[in-house]
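Please walk me through this model in order, from a single residue to the fold and then to the packing of its helices.

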Amino acid sequence: MKPRRPAPATPPCQTGPGPRIVPPVKPAEDLCRACGMCCDGTLFDLVRLEPGDDARRLARLGLPLAAARGRQAARFPQPCAALCADGSCRVYADRPGQCRAFECRLLQEAKAGRVSFPAAARRVTAAKRRANQVRRLLRALGDHDEQRALGERFHRTSERLEAGTADPAASAIYADLSLAMHRLKLEAHAHFHTPPAATPESRVAGKLRRG
Ligand code: SF4
Ligand code: SF4
């Protein structure tokens, strides 16, 4: 009988640079490490695997993969289980094709010199502040599910509040939440999502975002 190879242990953090950057270039690495929004559930709900991704290995490395079903590719949710607190990717060497390919618009512009890295860092800080405001308002409305993507949490909270009779205080918080979410989407659309024309190979197609 063929001896079984031991399963790889879940790697510790600090095995790779910031989430998306290829190749690691210091200012870009710093920007991505400070950001992480394409991995932490702010910009995307999930990542789809592509042909060539090693689903078994990724599962053994600790990614909670949902198996392919029918025409749906295998996928894993965001916030990503491989995202470390310091912004690095725990499975950097093995990360899926979508993760290798994706560079947000802001990173592309900074690497091309059209935006300075300090200005890009300020943009990231502003977007993260907005995302944290959304998280605070969701918690105020009873959603503490930090393991789910922001879009999904907003959608669920909206359904819950719109189905019932919210008291005036909750209605006021929900109004603030809706506005904060709208502004976050505008920010994401303007500076982080890549335009379809720039992605003929559909870099973004494998990552689903809500709304
Ligand atoms: S959203 Fe952009 S800047 Fe932020 S981690 Fe992803 S690629 Fe880097
Ligand atoms: S595997 Fe997870 S942490 Fe690593 S780049 Fe992909 S989404 Fe980000």
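Where is the place of Arg-156? Arg-156 sits in helix α6, which spans residues 150-163; helices here are DSSP runs of H or I with at least four residues, strands are runs of E with at least two, and both are numbered from the N terminus. This is a predicted model, in which local features need pLDDT of at least 70 and side-chain atom pairs count only at pLDDT 80 or more, while totals for chains, interfaces and linings use all residues. Residues are numbered from 1 along each chain as its sequence is written, and chains are lettered from A and ligands numbered from 1 in the order in which they are written.

Arg-156 has 14 other C-beta atoms within 10 Å and is therefore partly exposed. By definition, a residue with 20 or more such neighbours is buried, one with 12 or fewer is exposed, and one in between is partly exposed, with C-beta atoms placed from the backbone. Asp-143 lies 13 residues from Arg-156 in sequence and 9.0 Å from it in space, C-alpha to C-alpha.

The protein has seven helices and three strands, arranged along the sequence as α-β-α-β-α-α-α-α-α-β. Of its 211 residues, 35% are buried. Two residues are in contact if their C-beta atoms, placed from the backbone, lie within 7 Å. Among contacts between residues at least 6 apart in sequence, 73% join residues at least 24 apart.

Helix α1 covers residues 26-35, and its buried residues are Ala-28, Leu-31, Cys-32 and Cys-35. Why are these on the same side of α1? They cover an arc of only 90 degrees around the axis, the arc being that of the directions from the helix axis to the C-beta atoms. An α-helix has 3.6 residues a turn, so residues three or four places apart point the same way. The cover over the buried residues of α1 includes α4 (105-111) and α5 (117-140). After α1 comes Gly-36, with a positive phi near 75 degrees.

α1 and α5 pack at about 5 degrees with their axes 10 Å apart; axes are lines fitted to C-alpha atoms over the stretch in contact, and angles run from 0 to 180 degrees between N-to-C directions. The two helices are therefore roughly parallel, a term for angles under 35 degrees. Pro-27, Leu-31, Ala-34 and Cys-35 of α1 meet Phe-117, Ala-120, Ala-121 and Val-124 of α5. The residues of this contact are eight nonpolar, no polar and no charged, where Ala, Val, Leu, Ile, Met, Phe, Trp, Tyr, Cys and Pro count as nonpolar, Asp, Glu, Lys and Arg as charged, and the others, Gly among them, as polar.

Conventions. Angles under 35 degrees count as roughly parallel, over 145 as roughly antiparallel, 65 to 115 as roughly perpendicular and the rest as oblique.
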